[in-house]
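Trainee: I am new to this structure. Please take me through it in questions and answers.

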Amino acid sequence: MNSHGRIDVAPADWEQVVSGLQREGFTLFDFITVVDRGSTLEVVARVVNPVARVPTMVWTTLPADAAELASLCSIYLGAAWCEREAAEMFGVVFIGLGDSRPLLLRASLGEPPMRKSSALVARAIRDWPGAAQSTDDGRQGGNPSRRRQLPPGVPEDFLRDEPLVSGTTGDER
Amino acid sequence: MIPAEAHGTIALRASACTSCMICVRECPTWCIDLVSHTEQVSEAGARRPKTVNVLDAFRIDFGLCMYCGICVDLCPFDALAWSPEHDHGATTAAGLVQGIKELEMAWPPTQPPTGN
Ligand code: SF4
Ligand code: SF4
């Protein structure tokens with residue numbers, strides 16, 4: 001028995017395939033979550049057959065700029081929570097999801113925060129400690145011949161205009 | 001009873017640290033910060049003096065650290081290691097920032113460093 005069954009479906013078949021699984025005995029809904037692959041988003045639902053104790057993961061791939069998928073709420077009521085979370089964090093639009101109020105964030109926040117394209121504001125307003133060179137001349141404004149180091153995960157155009165290297169780091173212990 | 005292999009805190013052996021900045025740059029939460037300067041060291045028989053980094057300050061902000069262990073794994077000089085010490089109590093956020101003195105107090109770790 002394959003306990004890590006994986007089914008890949010086209011977005012159009014998402015609801016129908018999961019509905020079929022539920023009729024076959026996968027009556028327990030576990031979760032829905034999303035993986036950001038850049039230009040695509042992979043959505044995965046995990047359901048379980050509690051009698052046979054067999055889980056199955058259903059995967060589908062959506063274009064990141066038009067991420068729409070049928071809601072599973074009419075099959076599993078509990079899917080609403082995960083779909084609201086996926087909508088809020090990854091910007092997936094679930095068609096047929098009745099209650100799409102955000103769970104945590106203000107609706108006006110903008111880019112869904114779990115998308116890789118969403119840069120953390122906290123990363124832009126703070127100096128990156130790694131910008132300092134490992135010698136003191138780097139500390140004191142940087143050697144222009146050295147390539148400027150960018151923190152991982154921060155897009156180049158997201159940073160402020162001021163130099164990344166701060167003059168001092170406060171008290172020295 | 002805290003097991004000896006517990007990931008209680010990150011310990012530093014400052015004498016092994018070359019100020020290479022790898023841990024500072026790879027830390028996902030940006031909670032490591034170090035200050036260093038260079039010194040010229042003349043060795044007998046050497047034609048030119050050698051430039052070495054000298055560590056002045058090394059801080060980990062345990063208010064931000066998520067104990068992922070990336071710094072311990074990546075340090076090429078085994079200057080960082082897990083230690084079962086776990087007493088981070090502080091009454092202010094600034095008190096969670098530990099410097100060389102506090103980080104060295106957790107050394108030696110009771111298990112060998114897991115670095116490369
Ligand atoms: S354990 Fe992780 S978060 Fe903490 S200092 Fe090391 S790299 Fe940074
Ligand atoms: S990676 Fe190791 S040697 Fe390099 S700065 Fe960090 S603690 Fe020091």
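Trainee: By class, how many residues of the shell around ligand 1 are charged?
Mentor: Ala, Val, Leu, Ile, Met, Phe, Trp, Tyr, Cys and Pro count as nonpolar, Asp, Glu, Lys and Arg as charged, and the others, Gly among them, as polar. In this predicted model, local features need pLDDT of at least 70 and side-chain atom pairs pLDDT 80 or more, while totals for chains, interfaces and linings use all residues. Around ligand 1, 11 residues are nonpolar and two are polar, and the number of charged residues is none.

Trainee: Which residues are the closest to ligand 1?
Mentor: A residue is near a molecule if one of its heavy atoms lies within 4 Å of it. Ligand 1 is surrounded by 13 residues, and the closest are C27(B), C65(B), C68(B), G69(B) and C71(B).

Trainee: Where does ligand 2 sit?
Mentor: A cavity is a set of points, on a 1 Å grid over the protein atoms alone, where a 1.4 Å probe fits but cannot get out. A molecule sits in one if more than half of its atoms lie within 2 Å of its grid points. Ligand 1 sits in the largest cavity, and ligand 2 in the second largest cavity.

Trainee: Which residues come nearest to ligand 2?
Mentor: The shell around ligand 2 has 12 nonpolar, two polar and no charged residues. Of the 14 residues around ligand 2, the nearest are C17(B), C20(B), M21(B), C23(B) and C75(B).

Trainee: In what order do the elements of chain B run from the N terminus on?
Mentor: Helices (H or I, at least four residues) and strands (E, at least two) are DSSP runs, numbered from the N terminus. Chain B has three helices and five strands. Their order is β-α-β-β-α-β-β-α.

Trainee: Is S83(B) buried or exposed?
Mentor: Buried means under 20% relative accessible area and exposed over 50%, with partly exposed in between (1.4 Å probe, protein chains only). S83(B), which lies in strand β4 (residues 80-83) of chain B, has 1% relative accessibility, so S83(B) counts as buried.

Trainee: Which backbone oxygen does the side chain of S83(B) reach?
Mentor: Contact means heavy atoms within 4.5 Å. Not counting residues up to four places away in sequence, S83(B) touches A6(B), H7(B), G8(B), T9(B), A11(B) and A106(B). At 3.1 Å, the side chain of S83(B) reaches the backbone oxygen of A106(B).

Trainee: Against which strands do the buried residues of α1(A) pack?
Mentor: Residues are numbered from 1 along each chain, chains are lettered from A and ligands numbered from 1, as written, and side-chain values use heavy atoms, without hydrogens and water. In helix α1 (residues 14-23) of chain A, the buried residues are W14(A), V18(A), S19(A), G20(A) and L21(A). The buried residues of α1(A) pack against β1 (5-8), β3 (40-49), β4 (54-63) and β5 (68-70) of chain A.

Methods:
Polar contact = N/O pair within 3.5 Å; in protein donor to acceptor, adjacent residues only side chain to side chain. 1 Å grid on protein atoms, 1.4 Å probe; cavity = no way out; pocket = protein on both sides within 12 Å on 5 of 7 lines; lining within 4 Å.
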